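Here is a friendly walk through one protein chain, with its sequence and fold side by side. Please keep the viewer open as you read.

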Amino acid sequence: MAIAQFPLKLVGKRMLAPSVAHLTFTRDDGQPLDFVPGQFIQVHFNYADGTPTRRSYSLATIHDHALGPGDAVEIAVSYVPGGAATALFEGLEPGGTVQASGPFGRFCLMPGDDNRRYLLIGTGTGVTPYRSMLPLLEQAIAARGIEVVLLFGARSPEELLYGEEFRAFARRNPGFRFVPCFSRQLPEPGSPHDHPDVRHGYVQLFLAEFAPDAQGDIAYLCGNPNMVDACFEALKAAGLPVPRIRREKYVSSK
């Protein structure tokens with residue numbers, strides 16, 4: 001059965017990092033996109049030889065779903081040299097359209113969650129679903145008094161996607177802790193990125209510091225497959241049941 005597709009019109013484009021763009025679309029068929037934070041869409045296009053293909057992108061859209069479905073569709077796209085999707089998006093100007101389908105996926109906060117803390121772990125564009133989840137996390141912090149820790153791995157401060165937004169959210173919500181882990185370059189002392197929760201090294205090295213708790217935690221892993229696998233094994237070793245470890249791997253393709 002063919003997947004139902006709909007047109008997305010580009011209305012905004014900005015660079016989040018040297019090789020990552022934040023793209024804002026609206027549905028061009030007059031319909032809303034009713035999604036659950038953490039889900040993804042697929043963008044459909046053809047290779048140069050006409051062969052059809054598609055790419056998956058987590059929705060980065062922040063929307064108050066209590067108000068009903070919205071019309072903005074936001075994604076973060078990594079530009080890969082020689083990539084077919086990169087050529088598509090780099091050449092797309094405001095007003096241009098692409099074909100998409102979705103939303104798909106179950107990498108979402110669950111209504112029945114009874115945990116005391118969420119451990120959100122991401123690398124690169126794997127942080128985009130957590131941006132989308134911020135309104136629901138804010139509600140859960142207020143309603144259930146939960147804690148949230150976001151461990152975000154990037155190579156350098158300039159690649160810390162949505163970093164200022166997460167810092168601002170942490171300032172508004174004491175229950176939310178933002179821990180950037182830089183594998184290569186640390187922030188300059190005194191810069192906005194320099195604060196006590198900055199770590200130097202791969203994100204999986206710091207998981208044990210937060211003492212994963214088998215009874216109280218639900219963990220989300222999104223991004224580099226090696227990171228996802230390493231953290232998954234570490235969380236299982238800490239006693240977390242597999243259903244309380246929710247995963248989404250990002251595999252780059254041309």
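**The whole chain**

Please bear in mind that this is a predicted model. The chain has four helices and 12 strands. Its radius of gyration is 18 Å, close to the 18 Å that the globule rule gives for 254 residues, so the chain is as compact as a globular protein of that length. Along the principal axes, the C-alpha atoms fill a box of roughly 50 × 40 × 35 Å.

Buried residues account for 51% of the 254 in the chain. Among contacts with a separation of 6 or more, 70% join residues 24 or more positions apart. The chain exposes about 11,900 Å², and carbon and sulfur atoms supply 53% of that area.

Now let us turn to strand S7, residues 117–123. Seven of its seven residues are buried. In a regular strand, side chains alternate between the two faces of the sheet. Both faces of S7 are covered: Arg117, Leu119, Ile121 and Thr123 are buried on one side, and Tyr118, Leu120 and Gly122 are buried on the other.

Which strands pair with S7 in the parallel sense? Strand S8 does, and so does strand S11. The table sets the two pairings out.

| Partner of S7 | Residues of partner | Bridges | A facing pair |
|---|---|---|---|
| S8 | 147–154 | seven | Ile121 and Leu151 |
| S11 | 217–223 | six | Leu120 and Tyr220 |

On the S11 side, Leu120 stands opposite Tyr220.

**The cysteines**

How many disulfides does the structure hold? The count is zero. A disulfide needs two cysteine sulfur atoms within 2.5 Å, and the sulfur of Cys108 is 11 Å from the closest cysteine sulfur, in Cys222, which is too far for a bond. Looking from the other end, Cys222 is in no disulfide either, and its nearest cysteine sulfur is that of Cys108, 11 Å away.

Are these two cysteines buried or exposed? Cys108 is buried, with a relative accessible area of 6%. Cys222 also counts as buried, at 0% relative accessibility.

Key: Residues are numbered from 1 along each chain as its sequence is written. This is a predicted model: local features need pLDDT of at least 70, side-chain atom pairs count only at pLDDT 80 or more; totals for chains, interfaces and linings use all residues. Side-chain values use heavy atoms; hydrogens and water are left out. Buried means under 20% relative accessible area, exposed over 50%, partly exposed in between (1.4 Å probe, protein chains only). Helices (H or I, at least four residues) and strands (E, at least two) are DSSP runs, numbered from the N terminus. Two strands pair if DSSP finds at least two bridges between them. The radius of gyration is taken over C-alpha atoms; the globule rule is 2.2 Å times the number of residues to the power 0.38. Contact means heavy atoms within 4.5 Å. Accessible areas come from the Shrake-Rupley method with a 1.4 Å probe; for residues, only the protein chains shown count as cover.
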